[in-house]
Amino acid sequence: MGTGEITFLTGDTGLLDEVKELWEGLNQVHLEKSVDFKKYYQAFTFQARKESLVRHAGKGKLLVVLARRDGRKIAYCISSVVDGVGEIDSIFVAADCRKSRVGNALMEMSLDWIKSNGAKQTIVKVAVGNEDVFGFYSSYGFAPRLTELQIV
């Protein structure tokens, strides 16, 4: 892990391409942890995810926050507000930076943005197999509400 100061860059859909490598890291985590949907994550591309986020942003607002240390991209968070629902759409911190509190900074910035954009409800969706992040999210007031089942 670097020792330099962490800097944050914020933007909208125009910043999405900057998170591609980190997003691919998140997709790899989901692939490794998934039991039933490995084929889904193997076939899932950044381009498909980007297109989905751009469509979603077209219905409301989107925030991308990218964190860097020593010039290296180390973390990102993508959030949205659509029809009064705020969502942490995607968040990832490089493995060697997970104890640096950069994830906390991303969450605080994103949740403040969501609130300032009038969200009446805020959600985050967690892939099955990645439940170890529940503790992180619960520290921000999130609690499991539903489980969605899908045919494999």
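Is Asp-96 buried, partly exposed or exposed? Asp-96 counts as partly exposed, because its relative accessibility is 36% (buried is under 20% relative accessible area, exposed over 50%, partly exposed in between, with a 1.4 Å probe and protein chains only).

1. Basis. This is a predicted model, in which local features need pLDDT of at least 70 and side-chain atom pairs count only at pLDDT 80 or more, while totals for chains, interfaces and linings use all residues. Residues are numbered from 1 along each chain as its sequence is written, and side-chain values use heavy atoms, with hydrogens and water left out.

2. Sheet. Five strands form an open sheet: 5 strands in the order S1-S2-S3-S4-S5, with mixed pairing. Strands S1 (6-11) and S5 (121-124) are the edges, each pairing on one side only. Neighbouring strands are turned by 20 degrees against each other on average, direction ignored. Strands (E, at least two residues) and helices (H or I, at least four) are DSSP runs, numbered from the N terminus. Pairing requires at least two DSSP bridges between two strands.

3. The S4-S5 pair. Strand S4 (residues 85-93) and S5 run parallel and are joined by 4 bridges. Ile-88 stands opposite Val-124 in S5.

4. Helices on the sheet. Helix H1 (residues 20-33) packs on the sheet and touches strand S2 (61-69), strand S3 (72-82) and S4. The direction of H1 makes about 90 degrees with that of S4. Helix H3 (residues 46-57) also packs on the sheet, touching S2, S3 and S4, at about 155 degrees to the direction of S4. Contact means heavy atoms within 4.5 Å. Axes are lines fitted to C-alpha atoms, for helices over the stretch in contact, and angles run from 0 to 180 degrees between N-to-C directions.

5. Glu-87. Please look at this residue. Glu-87 sits in strand S4. Glu-87 is buried yet has no salt bridge; the nearest side chain of opposite charge is Lys-125, 4.1 Å away. A salt bridge needs a side-chain nitrogen of Lys or Arg within 4 Å of a carboxyl oxygen of Asp or Glu. For charge, Lys and Arg count as positive, Asp and Glu as negative, and His and the chain ends are not counted. Leaving aside neighbours within four places in sequence, the contacts of Glu-87 include His-56, Ile-78, Ile-114 and Lys-125.

6. Salt bridges. The structure holds 6. In one, Asp-17 meets Lys-50, with the closest N and O atoms 2.9 Å apart. Asp-17 lies in the loop between S1 and H1 and Lys-50 in helix H3, so this pair ties together parts that are 33 residues apart in sequence. Lys-50 counts as buried at 19% relative accessibility, whereas Asp-17 is partly exposed at 47%. Arg-72 and Asp-96 also meet, at 2.9 Å, N to O. Arg-72 is in strand S3 and Asp-96 in the loop between S4 and helix H4 (102-116), so the link spans 24 residues in sequence.

7. Charged network. Glu-18, Arg-68 and Lys-73 are linked by salt bridges. The closest N and O atoms of Arg-68 and Glu-18 are 3.5 Å apart.

8. Aromatics. There are 7 aromatic pairs. The rings of Phe-136 and Tyr-137 are edge-to-face, because their centres are 5.4 Å apart and their planes at 65 degrees. Rings of Phe, Tyr and Trp (its six-membered ring) pair if their centres lie within 6.5 Å; planes under 30 degrees apart count as stacked, over 60 as edge-to-face and the rest as tilted. Ring pairs also link Trp-23, Tyr-40, Tyr-41, Phe-44 and Phe-46 into a cluster.
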